[in-house]
Amino acid sequence: MPLSRAMITVATWNVNSIKQREAACAAWLKQAKPDVVCLQELKCLTQAFPRSTFEDLGYNCAVLGQKSFNGVAILSKFPIDETVEGLPGDSADDHARYIEAAISVPGGKAIRVASIYAPNGNPAPSPKFEYKLAWFDRLKAHTKALLAYEEPLILAGDYNIIPRPNDVFNPAGWTEDALFRLEARQAFRRILHLGVSDAVLACDSRGEQYTFWDYQAGAWQKNLGLRIDHILLSPQALRRLSNIQIDRRPRSWDKPSDHTPVLAALNL
DNA sequence: ATGGTAGCTGGGCTA
């Protein structure tokens, strides 16, 4: 056993266009100083990602972009050894919704991190909802394969899933929405049943811990939010979890993303 | 009352 342990923080943030959020993202990184950051909804091509802005802040960048929509990235202060770009299981699916990195952390250890942007799926039912359910089936299969490594695994991102009634301001009004429909929540729960844990619930299950507020109808001002951004941890990561935080500050800034960051602190 | 906002794109789609 090592005498001293390193604490690292892993964050996730759906930025809703990295070009629009480049300055806010840099400002937040300077404040919060996360070691690893999963970003979603870049809405730009891989080659258009403002890599140098983040490299100047000390981050290595793994990016999977796409024209106009989707797009995911992982920023890491530690070396990125290998990446998986795109969610395995369907070579015909060209959505940039998944990137994974094996990262060497201090002490000669490794963690594996995925940045996830699950399909929204509305309206439901529709082909888009079917795509969402099929995407979760693929995520489940891939998660099962990753768990076999028995290493600290962090699956962080915008899952577009409201797990519990407490995770939405008005659950009765959301029963037919693709984010809260039973089939979608069951698909998410099947992944949890593989043995990964929702880090927010592992720390504190009171609810009212939203990560998203719609731009419309003054949702932020009225705190009409959703908890749809999640950090899922393998058993090897869960036992190292020391703290979780939903940082609401960036949602209050000018020209905000509609999502705000979630951070997990791990003792490695 | 089928709105209301944001982003990408250059009209309509996605969220």
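Modeller: Strands β3 and β4 pair in the antiparallel sense, over five bridges. A strand here is a DSSP run of E of at least two residues, a helice is a DSSP run of H or I of at least four, and both are numbered from the N terminus. Two strands count as paired if DSSP finds at least two bridges between them. Within this pair, L64 stands opposite V72 in β4. The model is predicted: local features need pLDDT of at least 70, side-chain atom pairs count only at pLDDT 80 or more, and totals for chains, interfaces and linings use all residues. Residues are numbered from 1 along each chain as its sequence is written, while chains are lettered from A and ligands numbered from 1 in the order in which they are written.

β4 also pairs with β2, again in the antiparallel sense and over five bridges. There C38 is the residue opposite I74 in β4.

How much of β4 is buried? Five of its five residues are buried, so β4 is largely enclosed by the rest of the structure. Buried means that 20 or more other C-beta atoms lie within 10 Å of the residue's own, exposed means 12 or fewer, and partly exposed lies in between, with C-beta atoms placed from the backbone. V72, I74 and S76 point one way from β4, A73 and L75 point the other way, and all are buried.

The sheet that holds β4 is an open one of six strands, in the order β3-β4-β2-β1-β14-β13, with mixed pairing. At its edges stand β3 (60–64) and β13 (241–246), each with a single partner strand, so one side of each has no neighbour in the sheet. On average, neighbouring strands of this sheet are turned by 15° against each other, direction ignored; the axes are lines fitted to C-alpha atoms, for helices over the stretch in contact, and angles run from 0 to 180 degrees between N-to-C directions. Further along the order, β1 (residues 7–14) and β14 (residues 262–267) run antiparallel and are joined by six bridges. V10 has A264 as its bridge partner in β14.

Now follow the chain out of β4. P79 lies in the loop between β4 (72–76) and β5 (80–85). Leaving aside neighbours within four places in sequence, P79 is in contact with N60, I103 and S104; contact means that the C-beta atoms, placed from the backbone, lie within 7 Å. The C-alpha atoms of P79 and A11 are separated by 17 Å, and the two residues are 68 apart along the chain.

E85 stands opposite I99 in β6. On β7, the residue opposite I99 is S115. β6 and β7 run antiparallel too, with eight bridges between them. They form a hairpin with three residues between the strands, and in the turn G107 has a positive phi of about 95°.

One runs from N122 to P123, with omega near -5°, and P123 lies in the loop between β7 (109–117) and α3 (127–147). The other joins A124 and P125, with omega about 0°, and P125 is placed in the loop between β7 and α3 as well.

Two loop residues elsewhere have a positive phi without being glycine. N16 has a phi of about 50°; it sits in the loop between β1 and α1 (18–32) and is partly exposed, with 17 other C-beta atoms within 10 Å. For K43 the phi is near 55°. K43 is found in the loop between β2 (36–40) and α2 (51–55), and with 21 C-beta neighbours inside 10 Å it counts as buried.

For context, chain A has seven helices and 14 strands. Of its 268 residues, 41% count as buried.

Notes. Two residues are in contact if their C-beta atoms, placed from the backbone, lie within 7 Å.
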